[in-house]
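Me: I have a protein model open and would like to learn how to read its features one at a time. Could you take me through it?

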Amino acid sequence: MELPFAESFKIKTVENIHKSTREERECWLKEAKYNLFALKSDYVYIDLLTDSGTGAMSDKQWAALMQADESYAGARSYYHLKDSIEEITGFKYFLPTHQGRAAENVLFSSIIKAGDFLPGNSHFDTTKGHIEFRKATAVDCTIDEAKDTQLIVPFKGNMDLGKLEKVLEAHPAEKIPAVVLTVTNNTAGGQPVSMENIRGISALCRKYGVKLMIDSARFAENAYFIKTREKGYENKTIREIAKEMFSYADFMTMSSKKDAIVNMGGFIGFRNEEDWKKCQMYNVMFEGYITYGGMSGRDMECLAQGLYEGTEFDYLETRINQVRHLADKLDEYGIPYQKPAGGHAIFLDALKFLPKVPREEFVAQTLAIEIYKEAGIRSVEIGTLLADRDPVTHENRYPALELCRLAIPRRVYTNNHMDYTAAAIKNVYDRRDSLTSGFRITYQAPIMRHFTVEMEPVKR
Ligand code: F0G
């Protein structure tokens, strides 16, 4: 008999989690003003809000904590991290930051001016926030195939080279501080970008004299998909593939809370010394001295170890297989989601799931709320709430896709939790015809409203 798949780890420490009743959850939701970010985590049974900073560290990472050096300047842990970053990404220069958006803040303070344009493939919300905050424009050049959730294409996170070239042609190079390539493409569904696409983007950047930045939060998952889906890479190691991906870039920003499996941390990698030096002042102002930048020595030591673990094939196979396990269950129940399954999450297609809820009543948020009510599972809206309002007209921006994301933390839940989640979603799907109304906003912040929005149900 062929042996079934099994995880590449065993469990040493556990944390108890608790179920609740539907009545309790309805009451907590009301108190949270129907914003799932405002729920206490103790009110959540399975937390799929994010895969960011929620992973389980290994015994080796916990051991690294104790070996760390907390010196203010020139700490041994900084040099360990430097070696690990250089070995895995090839970037010789780096600045530590406390998380990914801090890396964006430091780098963008150095390179973006008002009126600039930054083309990319579905910029993440904080990336876009940092661009728009500086009165520059993020231009989305993601391939159109990403908008059809039922279309199965291997690299649905790719940038459309035609769209990119139009932006590069339309503006002088001085107005384009960087092309922002996000791997994997989170917003489009955790979808990978092919090496062929990265090469094409890099060639266009060189042709127009523009720099390439890789938003690398999930670079190892992207490398896994290249290895398993792209011709010519089947015999290369994840680290060889990652090195090649980064070889085309001038900068990288990293949210280490994802593929480096730490609870907090980030960094910026630089190809050349001059760019690194220009950023140092902002790092000191916003984060901390250039050899710790918002991280303690133990954070850096853990991160150095996490970068190695996150780029091991067996670990990645265990991880991606769990996401696929949930997807297979959803397929069994006929539930619409962004196909094929992404690296870190499943993205339910809320417009297909709840066709009777009007678009202006926040369909994906309505779905996320129903899933929480059903079984205490917390997901997150990636739709109109997150897309926010147009900075000029202040009207809602309706994105092509209205998604409800179930992000799977690394090494945290078992496949039984995935089965439980799929069953809860099926129960909501079975009663979808009775779900005809959504929510209206009662409070929203000027930008990035989804974190603190307050809502109430629309009653008809
Ligand atoms: N880039 C991408 C692609 C991300 O997914 C995130 C965070 C960031 C940058 C910012 O990093 O959180 O360390 O400041 N994504 C999380 C998520 C929050 O839930 O997808 P950060």
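Me: Where does methionine 448 lie?

Reply: Methionine 448 sits in the loop that runs between strand E13 (residues 439-443) and strand E14 (454-457). Keep in mind that this is a predicted model.

Me: What is the phi of methionine 448?

Reply: First the general idea: most residues other than glycine have a negative phi, and most peptide bonds are trans. Methionine 448 has a phi near 50°, a positive value in a residue that is not glycine. Tyrosine 34 also has a positive phi, near 60°. That tyrosine belongs to the loop between helix H1 (22-31) and strand E1 (46-47).

Me: What surrounds threonine 184?

Reply: Threonine 184 lies in the loop between strand E5 (179-182) and H7, and it is buried at 1% relative accessible area. Setting aside neighbours within four places in sequence, its contacts include Gly190, Pro192, Arg218, Phe225 and His344.

Me: How do I read a pair of packed helices?

Reply: Two packed helices are described by the angle between their axes and the distance between the axes. Here, the axes of H3 and H9 come within 7 Å and cross at roughly 85°. H3 and H9 are therefore roughly perpendicular to each other. Glu86, Glu87, Ile88 and Thr89 of H3 meet Arg239, Ala242, Lys243 and Phe246 of H9. By class, that contact has 3 nonpolar, 1 polar and 4 charged residues.

Me: At what angle do H4 and H10 pack?

Reply: H4 (residues 100-111) and H10 (residues 273-286) pack at about 135°, and their axes are 9 Å apart. That makes H4 and H10 oblique to each other, and their crossing is right-handed. The contact involves Asn105, Val106, Leu107, Ser109 and Ser110 of H4, with Lys278, Cys279, Tyr282, Asn283 and Phe286 of H10. Those residues divide into 5 nonpolar, 4 polar and 1 charged.

Me: What does glycine 269 touch?

Reply: Glycine 269 is part of strand E8 (residues 266-270) and is buried, at 0% relative accessible area. Not counting residues up to four places away in sequence, it touches Phe91, Tyr93, Phe94, Asp250, Phe251 and Met252. Its C-alpha atom is 8.2 Å from that of aspartate 250, which is 19 residues away along the chain.

Me: Last one: how many disulfides does the structure hold?

Reply: It holds 0 disulfides. Take cysteine 141: the closest cysteine sulfur, in cysteine 205, is 11 Å from its own, too far for a bond. Cysteine 141 is buried at 1% relative accessibility, and cysteine 404 is buried at 0%.

Terms used: Residues are numbered from 1 along each chain as its sequence is written. This is a predicted model: local features need pLDDT of at least 70, side-chain atom pairs count only at pLDDT 80 or more; totals for chains, interfaces and linings use all residues. Side-chain values use heavy atoms; hydrogens and water are left out. A disulfide is a pair of cysteine sulfur atoms within 2.5 Å. Buried means under 20% relative accessible area, exposed over 50%, partly exposed in between (1.4 Å probe, protein chains only). Axes are lines fitted to C-alpha atoms, for helices over the stretch in contact, and angles run from 0 to 180 degrees between N-to-C directions. Helices (H or I, at least four residues) and strands (E, at least two) are DSSP runs, numbered from the N terminus. Angles under 35 degrees count as roughly parallel, over 145 as roughly antiparallel, 65 to 115 as roughly perpendicular and the rest as oblique. A crossing is left-handed if the near helix is turned anticlockwise from the far one by less than a right angle, and right-handed if clockwise. Contact means heavy atoms within 4.5 Å. Ala, Val, Leu, Ile, Met, Phe, Trp, Tyr, Cys and Pro count as nonpolar, Asp, Glu, Lys and Arg as charged, and the others, Gly among them, as polar.
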